[in-house]
Amino acid sequence: MNNTPQFTFIMSDSEILDLFVSRYHDLKSEIGKVIVGQEHAVDSLLLSIFTGGHCLLVGVPGLAKTLMVNTLSKALGLSFSRIQFTPDLMPSDITGSEILDENRHFQFIQGPVFANIVLADEINRTPPKTQAALLEAMQEKSVTVSGKSYPLQVPFFVLATQNPIEQEGTYPLPEAQLDRFMLNIRMEYPTFQEEVDIVKGTTVDTTQTIRKVLTAEEILQFQSVIRRMPVPDNVCQYAVRLSSSTRPGTEGAQLATKYLSWGAGPRASQYLVMGAKTHAAMHGKYSPDIEDVQAVALEVLRHRIVRNYFAEAEGITTESIVAQLIQA
């Protein structure tokens, strides 16, 4: 049973943001019952959900990516589905298809994409046609089958995973499709003590019960309030300058001209501002500042810039380029 109080119409935006901070800490506490460590990944996932974006999660097998998303869906009170991407997966296996019932009428059977949180496991293992079916649903929040459009559940959030060490037999996502993901999150190995705690907690006959902290309606309300947060002009200008500094040939973008063959587009500027809003709200602020933009910059820009031959030859990583741009 969910004991979370519903919003009242007399609450101001600042009061709702104060409530958001409380709910955010409750969420972290519930997720921490199951997930040991990985705090940055959990924070980034929550930031993306409350911003209304999608995530690309890159990590080696065994880092509890599926468990993390499943636990998150339970704490948020949202439906969850997992799609294992394989070379023979068809678009209809994601979106659903029409079948002929006993009355000889076509009936649409919904696919696994009709859930609040969809885990697309190893999205780069399926051909581009199937990838595009999911990416269309991400952009349009609906799927079209036989000329008829079917709206998806809201809130709708896609978490796609990729294995960074095994690239044989894969279909890398094109840059235009990568741009649809708000964040690119890199999961790291746990520390020694965290791994000891994981082993102790998962080799005994006990299970943790996850309490539902929020409802879908409350998540939508928080998303709406965060979108209404005011942004100072200097913060908005900083986000645009940071994005434009990744574009080779742009005035003042010497670093990008030297090491990048392609830079971030306007969608990056939008996500920098929206991510900064949510980051500010998560830390009890009513308006974002430049530090909030910098906090989300790496995961917003990492997959939107393409290194050239000189950067690869010199071993310059995208992370170091973004770090230099922030410092500049």
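**Notebook: charges and salt bridges**

I began with the charges: the protein carries 27 positive and 36 negative side chains, and the centres of the two sets lie 3 Å apart. I counted Lys and Arg as positive and Asp and Glu as negative, leaving out His and the chain ends. I placed each charge at NZ of Lys, CZ of Arg, CG of Asp or CD of Glu.

A note on what I am working with: this is a predicted model, in which local features need pLDDT of at least 70 and side-chain atom pairs count only at pLDDT 80 or more, while totals for chains, interfaces and linings use all residues. Residues are numbered from 1 along each chain as its sequence is written, and side-chain values use heavy atoms, with hydrogens and water left out.

**Overall form**

I looked up the secondary structure and found 14 helices and 11 strands. These are DSSP runs numbered from the N terminus (helices: H or I, at least four residues; strands: E, at least two).

Along the principal axes, the C-alpha atoms fill a box of roughly 65 × 50 × 45 Å.

I then checked burial: 48% of the 328 residues count as buried. My classes were buried under 20% relative accessible area, exposed over 50% and partly exposed in between, with a 1.4 Å probe and protein chains only.

For contacts (heavy atoms within 4.5 Å), I took those with a separation of 6 or more, and 77% of them join residues 24 or more positions apart.

**Salt bridges**

How many salt bridges does a search of the whole structure find? I got 13, each being a side-chain nitrogen of Lys or Arg within 4 Å of a carboxyl oxygen of Asp or Glu.

One of them pairs D121 with R82, with the closest N and O atoms 2.7 Å apart. This pair links distant parts of the chain, 39 residues apart: D121 sits in strand β5 (residues 117–121) and R82 in strand β2 (residues 80–84). D121 is buried at 10% relative accessibility, whereas R82 is partly exposed at 43%.

I was pleased to find K285 in two bridges: to D289 at 3.2 Å and to D292 at 2.8 Å, N to O. K285 is partly exposed at 28%, as is D289 at 25%, but D292 is buried at 1%.

Last, I noted a network of salt bridges that links E30, K33 and R211.
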